[in-house]
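Trainee: I am new to this structure and would like to go through it by question and answer. Please show it first.

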Amino acid sequence: MSDNTPNFSPRLVPVEALNAISSLIAEGAVFEGSFSAQQGLGLRIDGVLKGGIQVAQGGTVHIGPGGRVEQTTIEADHVLIEGRVQGTVIARQTLEITGSGTLIGDALYDAQLDVHPRAKLKGKVEYRGELDAPSPAPY
């Protein structure tokens, strides 16, 4: 895929991470099962995914505005939600939920969280990093 950049400028998830995404579940497609990717790769979802997503270190998951992920646990370094997610999200670095995004479930993050105005979040939010550690530099 040549360009995975959203139609807006993400405030937290690095554009380079979005451009490194290598897999797509296209609009109109439905995938049932677990998805995993190796280091540095990622997944963009514009269709429907029912199942878990595990992306190794350096990976990114981008749920596009029309994308839906159900019955899931998503784990990646960077997670950008523009669509709808039902389940648990574990972001090892950055978690960003845009104004069009909905997360019904728990959000766990290790470094940075950005919830835009009009985003919908129903569930527990938990910071998993060291509370006394200095804040990481912005991307």
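Trainee: Is V85 buried or exposed?

Mentor: Some ground rules come first. This is a predicted model, in which local features need pLDDT of at least 70 and side-chain atom pairs count only at pLDDT 80 or more, while totals for chains, interfaces and linings use all residues. Residues are numbered from 1 along each chain as its sequence is written, and side-chain values use heavy atoms, with hydrogens and water left out. Buried means under 20% relative accessible area, exposed over 50% and partly exposed in between (1.4 Å probe, protein chains only); V85 has 0% relative accessibility, so V85 counts as buried.

Trainee: Where is V85 placed, and which residues does V85 touch, not counting residues up to four places away in sequence?

Mentor: Strands are DSSP runs (E, at least two residues), numbered from the N terminus, and V85 lies in strand β9, residues 84–97. Contact means heavy atoms within 4.5 Å. Leaving out residues up to four places away in sequence, V85 touches I63, V69, T72, I74, T102, L103 and I104.

Trainee: Which residues have the most contacts inside the largest nonpolar core?

Mentor: A nonpolar core is a set of buried Ala, Val, Leu, Ile, Met, Phe, Trp, Tyr and Cys residues joined through side-chain atoms within 4.5 Å. The largest one has 24 residues, and those with the most contacts inside it are I45, I53, I74, I81 and L95.

Trainee: Which strands does β4 pair with in the parallel sense?

Mentor: Two strands pair if DSSP finds at least two bridges between them. Three bridges join β1 (residues 23–25) to β4 in parallel, with S23 opposite L43. Four bridges pair β4 with β7 (residues 60–63), also parallel, and G42 stands opposite T60 there. The partners are β1 and β7.

Trainee: Which way do the residues of β4 point?

Mentor: Strand β4 covers residues 42–45, and all of these are buried. G42 and R44 point one way, and the other way point L43 and I45.

Trainee: What is the phi of R118?

Mentor: R118 sits in the loop between β12 (112–115) and β13 (120–122). R118 is exposed, with a relative accessible area of 69%. Although R118 is not a glycine, its phi is positive, at about 75°.
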